Amino acid sequence: MTRCMLIRNRLQAVMGVSLIIILLALIFEWSYVEAFIFYKQPTHIRCGTSSKSNRRTHHIITTQLHSTTADADKTNKPSKSSNKSSPKRGVQATSRSVAITALANAAASAYNSSSSSGAGAQVNAGSFATRELEQDNNYKELEGRDRSFARLLVATVERRLGQIDGVLSNCCNKYPKGKHRHLAQATLRAGAAQLLFLKTPTFAVVKETVEVLRIHHKLTNSSPVPVPEPIIKFVNGVLRKLSATVSTQDNDEVLYALQLLDEKTSPRDNIAPWLLNKWEEDWGIETTKLICEEIMPRDERSITPHIDLTTKYSAAGLNKDNEDVYTLIENLGNNARLLPQGSIRVDSGGDITTWHDFDKGTWWVQDAAATVPALVLSKALYDKHSDLSNLRVVDMCAAPGGKTSQLLSAGFEHVTAIEANARRSRRLKENLERLRFDKDKYDVVVEEGQKWIPSNNINGILVDVPCSATGTGKKRPDVLRRENDITELLLIQEVLATHCAEILPQEGIMVYATCSLLKEESEAQVKKLVEKGLVKTLEITPDEVPGFEDAIDENGWVRVIPGVLDRSCVVLMASF
């Protein structure tokens, strides 16, 4: 009896201690969460004002956009096209999970630079996330709408990285450490991007974005260890804080995230300070402000997705009224329309390989502004000779082949495409083969342009030199955060342009082009050629660049900057 009572008393004591421990655990767990949740989850949100700019916007080549609410997590609802490894785990990848994984992998690969604190985007931070996304098998297995949103989410984070990190820095001084630090950071960035720029409903942002952390270890072999619960709660707390509503001085209710965006950040934060300074030196403060606004609209979903096509019928701009062009436009549908210089603009995304006449090699994807160099060369030579069928031209730095295809379509006797990079040259050959050009009409030479010597007489050279590509910032936001040392590029440009001028015979015509917004890579390089006595410049006339007439400067050169048909930048100078 005594022994039984002793055992019972000990059990009661143990149960009492266990109960106290459980209560303490609950209290401390609640305190941990409360440390990050400062506002109640809103049930009704009235967002702040957004940009009302009516300026044309440059397209992003992507599939059609869709409502972000369509990306509900499919954990318990398998899709038809699931990842091969998913059935074993019982979890399906989502657009958010593949986007966040791509951002995390890219951040890990660029760990040599710390995250931005809102004072300007960090060089290399978040670079190549789009490439990481495209290589992910889970991304490839997503349905079209989910792939579209994943790509939009990655592009938005990359484009607005400085502002996103500036907002986040007001909610957390540092990110969790350890093996999941890049994943946690990427999740916060993706969540903030949805709240700040994609107008995603707050409940979807918090629930579906945080859920990525819970399923991440089931979707990737590189991180089989589950994300610790404290990290998940930390991310959840920050996103809940950002998605809460606060009152402004005008008694309006806005998301706390949007209040921070307006008060603590600027679109300039997404661009390397050295680049901003260069733009202001070259174009002035007001034009630089315009460039920033055009590259980075307040609402990322306000960008109208479209794709520009160049056709064999009008590639040189010499026969853009060909009846076949209008037949193709009618068959393409999707509000397809003819642009002044001959391109067809299609307001649609999706799989372009299913579009009309793709398999016949009738057209190829090429930005409207990117067609201008070949247009200028073709028209200048046509005006000089009245016939292109006996002329031979060279396309320097030719990959991926858009300009080469234009020149072949114009009817030149022969086109030599020079490309130094072996991998890019393979892509060039594949594109020309798909377009079914006569192989006797062109050669692809894998060699550095400054070392190439022509074996036959040539009449014209198009040299699209390697450059900083700062004019493509809307499509490739990583170029806006690159290091400021372009000394090597400037040397390559000068050497290549000088060599082209030296091998060009008398009465030949050369077109120099870049996709840079920096004068030292463009106008300054041509002035060097003139000062050396190698060339004299020819004025480009409005009829040679229809649609870009306003881009012709006082020198008769074409400079495309934000606000002229397209957002990409091209500088053209014809000389002989």
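Helices (H or I, at least four residues) and strands (E, at least two) are here DSSP runs, numbered from the N terminus. The views below show a predicted model.

**View 1. Confidence along the chain.** The mean pLDDT of the protein is 80, and 75% of the residues score at least 70. Residues 17–88 have a pLDDT below 50, although this stretch makes 141 contacts in the model beyond near neighbours in sequence. A pLDDT under 50 also holds over residues 112–126, for which the model has 39 contacts beyond four places in sequence.

**View 2. Helix H9, its span and its bend.** Helix H9 covers residues 202–219. At 1.5 Å a residue, its 18 residues should span 26 Å, and the C-alpha atoms at its ends lie 25 Å apart, which agrees. A bend of about 40° occurs in H9 at Leu 213. Because 13 of the 18 residues are buried, H9 is largely enclosed by the rest of the structure.

**View 3. The two sides of helix H14.** Helix H14 comprises residues 323–332, and its buried residues include Val 325, Leu 328, Ile 329 and Leu 332. These four cover an arc of only 100° around the axis, so they lie on the same side of H14. The face turned away from the buried side carries Glu 323 and Glu 330, both exposed. Gly 333 follows H14 and has a positive phi, near 65°.

**View 4. The open sheet S4-S5-S3-S6.** Four strands, in the order S4-S5-S3-S6, form an open sheet with antiparallel pairing. S4 and S6 are the edge strands, each pairing on one side only. Within the sheet, S3 and S5 run antiparallel and are joined by three bridges. Asp 308 has Arg 345 in S5 as its bridge partner.

**View 5. Strand S8 and its partner S7.** Strand S8 spans residues 414–419, and six of its six residues are buried. On one side of S8 are His 414, Thr 416 and Ile 418, and on the other are Val 415, Ala 417 and Glu 419; with all of these buried, both faces are covered. Strand S7 (residues 392–396) pairs with S8 in the parallel sense over five bridges. Opposite His 414 of S8 stands Arg 392.

**View 6. The loop between S7 and H16.** Most residues other than glycine have a negative phi, and most peptide bonds are trans. Cys 397 lies in the loop between S7 and H16, and its phi is positive, near 55°. With a relative accessible area of 23%, Cys 397 is partly exposed. Pro 400 is found in the loop between S7 and helix H16 (402–410). The peptide bond joining Ala 399 and Pro 400 is cis, with omega about 5°.

**View 7. Ala 469 in the loop between S10 and H18.** Ala 469 occupies the loop between strand S10 (460–464) and helix H18 (487–503). Its phi is near 60°, a positive value in a residue other than glycine. The relative accessible area of Ala 469 is 7%, and buried means under 20%, so this residue is buried.

Terms used: Residues are numbered from 1 along each chain as its sequence is written. This is a predicted model: local features need pLDDT of at least 70, side-chain atom pairs count only at pLDDT 80 or more; totals for chains, interfaces and linings use all residues. Side-chain values use heavy atoms; hydrogens and water are left out. pLDDT is the predictor's confidence in each residue, from 0 to 100. Contact means heavy atoms within 4.5 Å. The expected span of a helix is 1.5 Å times one less than its number of residues. The bend at a residue is the angle between axes fitted to the seven residues ending there and the seven starting there. Buried means under 20% relative accessible area, exposed over 50%, partly exposed in between (1.4 Å probe, protein chains only). The arc is that of the directions from the helix axis to the C-beta atoms. Two strands pair if DSSP finds at least two bridges between them.
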